[in-house]
Amino acid sequence: MRSAKITRKTAETDISVEINLDGSGAYDNQTGVGFFDHMLDQLARHALIDMKVRCAGDLHIDDHHSVEDVGIALGQALTQALGDKRGIRRYGACLLPMDDALVRAALDLSGRPYLVWNLEMPTARIGTFDTELVREFFQALATHGGITLHVDGLHGINSHHIAEAAFKAVARALREAVEIDPRKADAVPSTKGSL
Ligand SMILES: [Mn+2]
């Protein structure tokens with residue numbers, strides 16, 4: 001089974017992350033940041049990755065450390081669960097609409113972290129959640145998951161819809177990329193022989 005458990009404790013956050021890439025999208029995410037839990041639930045559900053996240057963070061400062069550090073731990077879990085990446089499709093892409101919002105995500109589980117982020121949200125906050133933390137999360141996930149990740153917001157007027165469409169688009173792209181390709185299930189999908 002392609003699964004991983006990561007624990008990560010610093011002076012700012014105490015985190016545990018469990019994932020199963022061959023799951024059904026079951027989720028149980030509790031970070032103390034309500035909107036972020038809602039987004040992690042979308043990520044699990046639409047990537048069909050089972051995901052359990054716990055985070056006790058320094059929310060008396062703000063949500064930044066908690067969101068960023070969960071991104072780090074989830075990226076580490078993804079790297080561990082993928083192992084040598086034998087048999088995976090490697091690439092994934094999704095054009096995802098949600099009401100007014102349309103977001104495109106394309107990714108490569110290349111082992112080369114790179115984030116291209118072209119997504120703006122019209123408000124600084126969604127409820128109490130800083131919208132700039134959406135990028136911070138994906139930067140951390142890409143860096144520690146070894147992901148080349150492109151996210152483009154093509155349309156949208158509502159920040160909640162735009163953020164949620166971004167998480168769902170990345171989730172669907174991730175679902176595709178981590179899947180085992182039955183035509184080449186025994187090989188690492190690179191002419192270099194490793195990823
Ligand atoms: Mn929502």
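Is Thr-131 buried or exposed? Thr-131 is buried, with a relative accessible area of 9%. The close-up views below are taken from a predicted model.

**View 1**
Because its relative accessible area of 9% is under 20%, Thr-131 counts as buried. The side chain of Thr-131 reaches the backbone oxygen of Thr-123 at 2.8 Å. Beyond residues up to four places away in sequence, Thr-131 touches Met-121, Thr-123, Ala-124, Arg-125, Ile-126 and Ser-159.

**View 2. Protein donors of the manganese ion.**
Three protein atoms lie 2.0 to 2.3 Å from the manganese ion: NE2 of His-38, NE2 of His-160 and OE of Glu-164. Along the chain, the donors follow the spacing H-x121-H-x3-E. His-160 and Glu-164 both belong to helix α4 (residues 159-178). These two residues are four apart in α4, so about one helical turn separates them. His-160 is partly exposed, at a relative accessible area of 29%, whereas Glu-164 is buried, at 5% relative accessibility.

**View 3. Leu-74 in the largest nonpolar core.**
The largest nonpolar core has 62 residues. Ile-19, Leu-74 and Phe-137 are the residues with the most contacts inside this core. Helix α4 gives the most to the core, with 12 residues. Leaving aside neighbours within four places in sequence, Leu-74 is in contact with Val-17, Ile-19, Leu-40, Leu-43, Met-51, Phe-137 and Leu-141. Nonpolar side chains tend to be buried together in soluble globular proteins.

**View 4. Cys-55 and Cys-94, two buried cysteines.**
The relative accessible area is 9% for Cys-55 and 14% for Cys-94. Both values are under 20%, so Cys-55 and Cys-94 count as buried. With a limit of 2.5 Å between cysteine sulfur atoms, the count of disulfides in the model comes to zero.

**View 5. Strand β6 and the strands paired with it, β5 and β10.**
Strand β6 covers residues 101-108. Six of its eight residues are buried, so β6 is largely enclosed by the rest of the structure. Strand β5 (residues 91-98) runs antiparallel to β6 and is joined to it by eight bridges. In this pairing, Ala-93 stands opposite Ala-106 in β6. β5 and β6 form a hairpin with two residues between them. Asp-99, in the turn of the hairpin, has a positive phi of about 50°. Strand β10 (residues 148-155) also pairs with β6 in the antiparallel sense, over seven bridges. Here Asp-108 stands opposite Thr-148 in β10.

**View 6. Gly-87 in the loop between α2 and β5.**
At 0% relative accessibility, Gly-87 is buried. Not counting residues up to four places away in sequence, Gly-87 touches Glu-179, Ile-180, Asp-181, Lys-184, Ala-185, Ala-187, Val-188 and Pro-189. Ser-159, one of the residues that Thr-131 touches, is 72 residues from Gly-87 in sequence. From C-alpha to C-alpha, Gly-87 and Ser-159 are 37 Å apart in space.

Terms used: Residues are numbered from 1 along each chain as its sequence is written. This is a predicted model: local features need pLDDT of at least 70, side-chain atom pairs count only at pLDDT 80 or more; totals for chains, interfaces and linings use all residues. Side-chain values use heavy atoms; hydrogens and water are left out. Buried means under 20% relative accessible area, exposed over 50%, partly exposed in between (1.4 Å probe, protein chains only). A polar contact is a pair of N or O atoms within 3.5 Å; within protein, one must be able to donate a hydrogen and the other to accept it, and residues adjacent in sequence count only if both atoms are side-chain atoms. Contact means heavy atoms within 4.5 Å. Donors are N, O and S atoms within 2.8 Å of the metal (3.2 Å for Na, K and Ca); water is not among the atoms, so sites may look incomplete. A nonpolar core is a set of buried Ala, Val, Leu, Ile, Met, Phe, Trp, Tyr and Cys residues joined through side-chain atoms within 4.5 Å. Two strands pair if DSSP finds at least two bridges between them.
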